[in-house]
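User: Got a model open here and I'd like to talk through the side-chain contacts. Can you take me through them?

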Amino acid sequence: KGSTHTETFAKTVVTVPITVLKDKDITFTPPMPQKQVSALQTIPMGHAVKIAATFSKVFWDPNTTLLLTDHPRYAQIWMYGSVGARPDDDNNKTITAFITGPIAKHMVSGAVPSANALKRDSAPDSAIEVTQGFVSYLDQLYGGQATNCFKRAVVFNWATHPHVRGAYSYPGLGVTAEVREMAAAPLDNKVFFAGEAMGGQSSGTVQAAMETAAVAVKRICSAATPTSKL
């Protein structure tokens, strides 16, 4: 709300999404080397939308946890529910559509709070429209049961989140392990970088975020350890 706060550290780890670095929301003094700036700009960030739809009962095979389909929009469908949810919890009656690529870019985040809301006319790519399409596709797969059991849904487009602006990085043209390593290069042994986009072998994953965080911590410890003099 217009206020500022200053903290001073000898060393720091920057873990913001790569979009924040690409858009130069953070100012580095002295400036980041041009090679590193170019490396960051080379790494693309993908688009992703999740539709989490909750139903009154589990009408799908409870042993099914993932569907990979040939649908142009709903190609990946998760039936995991929520970790730790009770058997009678609504979270165990939730199916999630994971939509990626250019088609996800303009989809609008929002809630579909009830079955009645699902019946409304809606604009293309609105939360209601993409949920209508998802439930309709589930009807095709499960004999019309999805519409009858629908309770509510939430649509979230990660590209529209002001501090995320995308889903995760992917291996675009010219993106090599060396490019990612250059993007993660420390600045003057004081500013270190970590995150899924910085991972050379497993980029775009939680594993990459964890691995690069471990590397950053090791680099900090190494830089902080005084060298012995003979």
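User: Which rings are linked into a cluster by ring pairs?
Analyst: Phe55, Phe59, Trp60, Tyr142 and Phe150. Rings of Phe, Tyr and Trp (its six-membered ring) pair if their centres lie within 6.5 Å; planes under 30 degrees apart count as stacked, over 60 as edge-to-face and the rest as tilted. One caveat: this is a predicted model, where local features need pLDDT of at least 70 and side-chain atom pairs count only at pLDDT 80 or more, while totals for chains, interfaces and linings use all residues. Residues are numbered from 1 along each chain as its sequence is written, and side-chain values use heavy atoms, with hydrogens and water left out.

User: How many aromatic pairs does the structure hold?
Analyst: There are 11 aromatic pairs. One of them is Phe59 with Trp60, an edge-to-face pair at 4.9 Å centre to centre with 90° between the planes.

User: Are those two buried or exposed?
Analyst: Phe59 is buried at 8% relative accessible area, and Trp60 is buried at 5%. The cut-offs: buried is under 20% relative accessible area, exposed over 50%, partly exposed in between (1.4 Å probe, protein chains only).

User: What about Phe98 and Tyr168, how are their planes arranged?
Analyst: Phe98 and Tyr168 make a tilted pair, 6.5 Å centre to centre with 35° between the planes. Phe98 sits in strand E5 (residues 94-100) and Tyr168 in the loop between strand E7 (150-157) and helix H5 (177-183), so the pair ties together parts 70 residues apart in sequence. Helices (H or I, at least four residues) and strands (E, at least two) are DSSP runs, numbered from the N terminus.

User: Buried or exposed, for Phe98?
Analyst: Phe98 is buried, with 9% relative accessibility.

User: OK, switching to charges. How many salt bridges turn up in the whole structure?
Analyst: The search finds 5 salt bridges, each a side-chain nitrogen of Lys or Arg within 4 Å of a carboxyl oxygen of Asp or Glu. Among them is Asp23 with Arg165, at 2.9 Å from N to O.

User: Which residue does Arg73 bridge to at 3.1 Å?
Analyst: That's Asp125, going by the closest N and O atoms. Arg73 is in the loop between E3 and strand E4 (76-78) and Asp125 in the loop between strand E6 (110-112) and helix H3 (127-141), so the pair ties together parts 52 residues apart in sequence. Arg73 counts as buried at 17% relative accessibility, whereas Asp125 is partly exposed at 21%. Arg73 also forms a salt bridge with Glu129, at 3.0 Å from N to O. Glu129 is in helix H3, 56 residues from Arg73.

User: Last topic: which residues make the nonpolar surface patch?
Analyst: Leu66, Leu68 and Tyr80, covering about 330 Å². Leu68 is in strand E3 (residues 66-68) and is exposed at 65% relative accessible area. Patches are made of residues with over 30% relative accessible area and no salt bridge, like charges being joined within 9 Å and nonpolar side chains (Val, Leu, Ile, Met, Phe, Trp, Tyr) within 5 Å. Accessible areas come from the Shrake-Rupley method with a 1.4 Å probe; for residues, only the protein chains shown count as cover.
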